[in-house]
There are 2 protein chains.
Amino acid sequence: MNMEPLHLTRCSINTATLGHREPIDVTIDRIAKAGFGGLAPWRHEIEATDVRRIARQIRALELKVTGYCRSTYFPASTQAQRVANIQSNVQALNDAAELGAECFVMVVGGLPEGSRDLCAARSQVKDGIGALLEQARKVGVPLAIEPLHPMYAGERSVVNTIDQAHAIARELDPYHDGFLGIALDVYHCWWDPQLEGAIGSAGKDKRILAYHVSDWLVPTTDLLLDRGMMGDGVIDLKGFRQRVENAGYAGMVEVEIFSRDNWWKRPPDEVLQTCAARLQSVC
Amino acid sequence: MNMEPLHLTRCSINTATLGHREPIDVTIDRIAKAGFGGLAPWRHEIEATDVRRIARQIRALELKVTGYCRSTYFPASTQAQRVANIQSNVQALNDAAELGAECFVMVVGGLPEGSRDLCAARSQVKDGIGALLEQARKVGVPLAIEPLHPMYAGERSVVNTIDQAHAIARELDPYHDGFLGIALDVYHCWWDPQLEGAIGSAGKDKRILAYHVSDWLVPTTDLLLDRGMMGDGVIDLKGFRQRVENAGYAGMVEVEIFSRDNWWKRPPDEVLQTCAARLQSVC
């Protein structure tokens, strides 16, 4: 492999990595001070404060917003709730635009309460994304469908592979004017036997809008909150980035680690320094 | 849907469902007494006793052996260890033949210690299965590759989808004389966006050698030992069986539940009665 080492200006921190323990403006200052080129904030952080003020802070620090996390889940038991979910996403898209986000991250949702109908839920997801696409174009923020690991199919996402996300994007947006693509996260996709072809195909189609890194720990003790720091697990991170870059992706590399019992207990600056070191050595 | 209700004579109990708390001969008697038509024992149970005696007991009770669990993992860091793993599987195949097992269940193994090379591990798996196939033909026990859920790709199985298992079977055994196929487990595969096509294709090719049921709980609290009783989770079990039967599978339905904190704490006869009731109502 013959890749450029990652410069921190190409790297971004998803604020979940720090455990959401401090107000967003403090977090933003820490990320900038540590030398990163961007961040990806969460709605509950932004919605708790004044989005315009935060947007000004981000611009003043010359940080990129590599994604705005995340969509309200689409599937629901009633039509009224599905409409409300889309409406909630329209609102979030406006904030994403205010923040200058490079994409709005679509974590699409799992099965509605009491349902076992994956097919119906997937159909509702497609309808929901379709309904949101016009607003995305209007405010200038692309939608990035994030396929989640199959272990989240019940509760969090019925979109579980790159190929599946790509198929939705092609169907809803066949002429591709840049507002519907995919957020690739190594944690969700690393196991996929179709990985190489799926990345190549998505990249050729210019659908890769974001690239997230962390690591898969062996053993993993919690389905949601036990992601590893890059280098501490079994994902071939350099190999993954090589594939993504071979497919034409030249954007930012975003760190997103949910780690309740380890990294979320450490001082935020230690976490950031470790991310910086690992991004430049093992990613 | 218009399926035959399951008769218990078509149903089998994987002994893991009872938590391996009693000697295998006691377990076998319980399963027969509860009216099931078969069982799937584990090697550590059989290897702890006299395989011929157990085989006689199973024949006397007219139980089918729907699978023998399970292969020694194939991937390893050294060639010597890989050869030893195959040899261990040859030995187990002999016991499977003695038991009259309908298949030897191939849980193929994850990444070797310290490795991040999925591609190499998958190649080692293919080589290992290939090396075992002649012995399978010789003793008359088909090999059933079981794709495991992607959350096990690190530690337990680098074969993670039906299509992937099917491709291995076709490559190693293009003329298909009946000794290399797939064990389908709803727990591992239910989320797959390609499910319907994958089952149809494997069935058309007469590769489905076993069908396992349990349920996916929401939430799931442990990656390995928190499977649900059929009906307690979100898997569309009737829909899954319909697909499997539409694909030509007319074999047994095997219950395999790992449930450390729930079912493994209940009296074995209660577990068996619950399995019987659920198999006949929700499967």
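# Loops, sheet and core in a predicted model

Arg70(A) sits in the loop between strand 4 (68–69) and helix 4 (79–99) of chain A. This is a predicted model.

Colleague: In chain B, what is omega for the cis bond between Val218(B) and Pro219(B)?

Modeller: Pro219(B) is placed in the loop between strand 8 (208–213) and helix 9 (237–246) of chain B. A cis peptide bond links Val218(B) to Pro219(B), and omega is about 0°.

Colleague: Is Glu62(B) buried or exposed?

Modeller: Glu62(B) lies in the loop between helix 3 and strand 3 of chain B. Its phi is positive, about 55°, although the residue is not a glycine. Exposed means over 50% relative accessible area. Glu62(B) has 69% relative accessibility, so it counts as exposed.

Colleague: And Lys206(B), buried or exposed?

Modeller: Lys206(B) is in the loop between helix 8 (195–204) and strand 8 of chain B. Phi is positive here too, near 55°, in a residue other than glycine. With a relative accessible area of 64%, Lys206(B) is exposed.

Colleague: Which are the edge strands of the open sheet in chain B?

Modeller: The sheet has 9 strands, paired in parallel, in the order 3-2-1-9-8-7-6-5-4. An edge strand pairs on one side only. In chain B these are strand 3 (64–65) and strand 4 (68–69).

Colleague: What is the bridge partner of Asn14(B) in strand 2 of chain B?

Modeller: Strand 1 (residues 11–14) and strand 2 (residues 38–40) of chain B pair in the parallel sense over 3 bridges. In strand 2 of chain B, Asn14(B) has as its bridge partner Ala40(B).

Colleague: At what angle do the axes of helix 3 and helix 4 of chain B cross?

Modeller: The contact includes Ile54(B) and Ile58(B) of helix 3 of chain B and Leu99(B) of helix 4 of chain B. By class, it has 5 nonpolar, no polar and 4 charged residues. The axes come within 8 Å and cross at roughly 30°.

Colleague: Which residues touch the most other members of the largest nonpolar core?

Modeller: That core has 199 residues. Leaving aside neighbours within four places in sequence, Leu279(B) contacts residues including Phe36(B), Val213(B) and Met230(B). The residues touching the most other members are Leu279(A) and Leu279(B).

Notes. Residues are numbered from 1 along each chain as its sequence is written. Chains are lettered from A and ligands numbered from 1 in the order in which they are written. This is a predicted model: local features need pLDDT of at least 70, side-chain atom pairs count only at pLDDT 80 or more; totals for chains, interfaces and linings use all residues. Side-chain values use heavy atoms; hydrogens and water are left out. Two strands pair if DSSP finds at least two bridges between them. Helices (H or I, at least four residues) and strands (E, at least two) are DSSP runs, numbered from the N terminus. Axes are lines fitted to C-alpha atoms, for helices over the stretch in contact, and angles run from 0 to 180 degrees between N-to-C directions. Contact means heavy atoms within 4.5 Å. Ala, Val, Leu, Ile, Met, Phe, Trp, Tyr, Cys and Pro count as nonpolar, Asp, Glu, Lys and Arg as charged, and the others, Gly among them, as polar. A nonpolar core is a set of buried Ala, Val, Leu, Ile, Met, Phe, Trp, Tyr and Cys residues joined through side-chain atoms within 4.5 Å. Buried means under 20% relative accessible area, exposed over 50%, partly exposed in between (1.4 Å probe, protein chains only).
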